[in-house]
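Colleague: Please guide me through this structure, as I am new to it.

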Amino acid sequence: MKVSVGQFTPGGDVTENIAVMRRLAEQAKAEGSGLILFPEEAMFSVGKVAADFRAAVDAGWTVFVQQLSFIAAELGIAVIAGGYESSGEDRPYNTLVALDSAGAILGTYRKLHLYDAFSYQESKRILPSDGGLTVVRIGDLNVGIMTCYDLRFPELARALAEQDVDLLGVAAAWFKGEHKIDHWETLLKARAIENTCWVAAAGTTSEHCIGHSVILDPMGVPTAFLNDEPEGVATSDVTTKRIAEVREFLPVLKNRRIKSVREIVPAH
């Protein structure tokens, strides 16, 4: 199945962002894709919301998911994208939603690891997930999803690999800074290589974020990529055959002698 990553610069208006996502989804569909993955904050960028943030979340999430459903159903393409979902408390969740090509919701993933690093504190605005992996079936692929800072925690990717994922989908708004592009590229390659699975990563572009969306094969080789283009689509064939080929000569999952023990530590 062909998979695409869509890269753009989300503004503060849900409707305007949806219009861009529709345009990118149309391009992905024209390239033969069965799935397009959009970045974190595709719904809207926190820093660009003119209204009260909580009010914007309460008004925007349902519209965002509904419009994504329309795009998926009208174009016949599965969609994964990130937004902000009301939690019923002061802080919303940072959530990915996955929809199939008929527009039905396959699952949602609430960001587990909040970006409290590099002098930024996401937890001031966002409520962390209490745990739980999300793996959805799209075409012939099992797709596990994660968000941005989650990439720095290899145990999460390994836990998804243990759920027989073929593709790790990473939605991100990866901040610029010294060595940050190196970190992004290195971590994505590591997650692909150590789990011998495909990785598709969609990043936002802005004055603060790097873009650099990419699709990597199970050897960590980029098969499609973007740089810092403000808007674009990268598409690649993602096959289970390639996974089987790599795992034949590199059976790291089969050779493991340390079992994973999954325990979610309460947020502090």
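Predicted model: local features only at pLDDT ≥ 70, side-chain atom pairs only at ≥ 80, totals over all residues.

Modeller: Residues are numbered from 1 along each chain as its sequence is written, and side-chain values use heavy atoms, with hydrogens and water left out.

Colleague: Is Thr196 buried or exposed?

Modeller: Thr196 is placed in the loop between helix H4 (180-195) and strand E11 (198-203); helices (H or I, at least four residues) and strands (E, at least two) are DSSP runs numbered from the N terminus. Leaving aside neighbours within four places in sequence, Thr196 has contacts (heavy atoms within 4.5 Å) with residues including Pro218, Ile243 and Leu253. Buried means under 20% relative accessible area, exposed over 50% and partly exposed in between, with a 1.4 Å probe and protein chains only. Because its relative accessibility is 0%, Thr196 counts as buried.

Colleague: Which side chain does that of Asn142 join in a polar contact of 3.0 Å?

Modeller: Asn142 lies in strand E9 (residues 141-147), and its side chain also reaches the backbone oxygen of Asp164 at 3.1 Å. A polar contact is a pair of N or O atoms within 3.5 Å; within protein, one must be able to donate a hydrogen and the other to accept it, and residues adjacent in sequence count only if both atoms are side-chain atoms. The side chain joined to Asn142 at 3.0 Å is that of Arg137.

Colleague: Which helix gives the most to the lining of the largest pocket?

Modeller: A pocket is an open set of points on a 1 Å grid over the protein atoms alone, where a 1.4 Å probe fits, with protein on both sides within 12 Å along at least five of seven lines; lining residues have an atom within 4 Å of a point. The largest pocket is lined by 29 residues, and Leu112, His113, Glu263, Ile264 and Val265 lie nearest its centre. With three residues, the most is given to this lining by helix H3.

Colleague: How many disulfides are there?

Modeller: A disulfide is a pair of cysteine sulfur atoms within 2.5 Å. The sulfur of Cys197 is 18 Å from the closest cysteine sulfur, in Cys148, and therefore too far for a bond. The sulfur of Cys209 is 7.5 Å from its closest cysteine sulfur, also in Cys148, and so too far for a bond. By this rule, the number of disulfides is zero.
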